[in-house]
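Morning, everyone. Let's bring up the model.

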Amino acid sequence: MYKVVFFDVDGTLFSEIDRSMPLSTLEAIKKLIDKGIKVVVATGRPYNLCEELIAIGIDTIISANGALIKCNDETIYKSVLTTETVREITYFAALNGHGISYFTERYSMNGIGSDNERIMSALQETLSLTEYPEKMSSLTEQVYGMCLYADDSEAQKFIVKFPALKFKRWHGYVMSIFEETEASKSNAIKQVLEHFNISRSEAIAFGDGGNDIDMLEYVGLGIAMGNAEQELKQKADFVTKKASEDGISYALKKFGVI
């Protein structure tokens, strides 16, 4: 019997076409909640961009790709970057004219690149943002994650300058920045399962992107969307229909969950 379902957001809960939530998906979520099955969001989005999901009754949010987990506004896990790392990356990015984003409970940037077409396209493609985010007000805030906006050749100077840090690409123009401990959706799922005393075999996960691979492999039943990247489909236990074609509802019914 499955007790919890983890959902990626963009391209999974939200249609890969227009980033809206299909009615069948909304109904499926309500059925899960009514049956007492825990519904958890696992996303690369910052916490403040999950408000519409909280509004429909989802009370546990894994945000910043696993670096921050909140349940009913209570923080149950966080991975915080050191102030030194935040300051040094910010300074070096300013010297070299690169955009940097910060994941606190909100999403902010360093004020560089509002007129950069590649940055604005990446913001639209990854977070559905059409306006440049506000500038980070204070570098002393707790920062759960940072992203560098750069292609491979541009990023090389950061990789050379900061050999102790990890730079992980997840979009053609965006890289996550990690210290020794790398945030991941699978580690976040582990934290949630321990918090609610649920086993891995009792968990399902849905996803569509490369950053969902470890999540799908970690749970008892990993389901890739029909619009998912090919690598994820190969790792999944089952490939459902596209998000825009009622893929969530279809898979949950197929496995008798709803």
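Is Phe 238 buried or exposed? Phe 238 is buried, at a relative accessible area of 17%. Buried means under 20% relative accessible area, exposed means over 50%, and partly exposed lies in between, with a 1.4 Å probe and protein chains only.

Some ground rules. This is a predicted model, where local features need pLDDT of at least 70, side-chain atom pairs count only at pLDDT 80 or more, and totals for chains, interfaces and linings use all residues. Residues are numbered from 1 along each chain as its sequence is written, and side-chain values use heavy atoms, leaving out hydrogens and water.

Now the pairs. Searching the whole structure gives five aromatic pairs. Rings of Phe, Tyr and Trp (its six-membered ring) pair if their centres lie within 6.5 Å; planes under 30 degrees apart are stacked, over 60 edge-to-face, the rest tilted.

One of them is Phe 7 with Phe 206. They are stacked, 5.2 Å centre to centre, with 20 degrees between the planes. Phe 7 is in strand 1 and Phe 206 in strand 11, so this pair ties together parts 199 residues apart in sequence. Strands here are DSSP runs (E, at least two residues), numbered from the N terminus. Both Phe 7 and Phe 206 are buried.

Back to Phe 238. Its partner is Phe 255, edge-to-face, at 5.3 Å and 80 degrees. Phe 255 is partly exposed, at 32%.

There is a cluster, too: Phe 92, Phe 158 and Phe 162 form it.

How values were computed. Helices (H or I, at least four residues) and strands (E, at least two) are DSSP runs, numbered from the N terminus.
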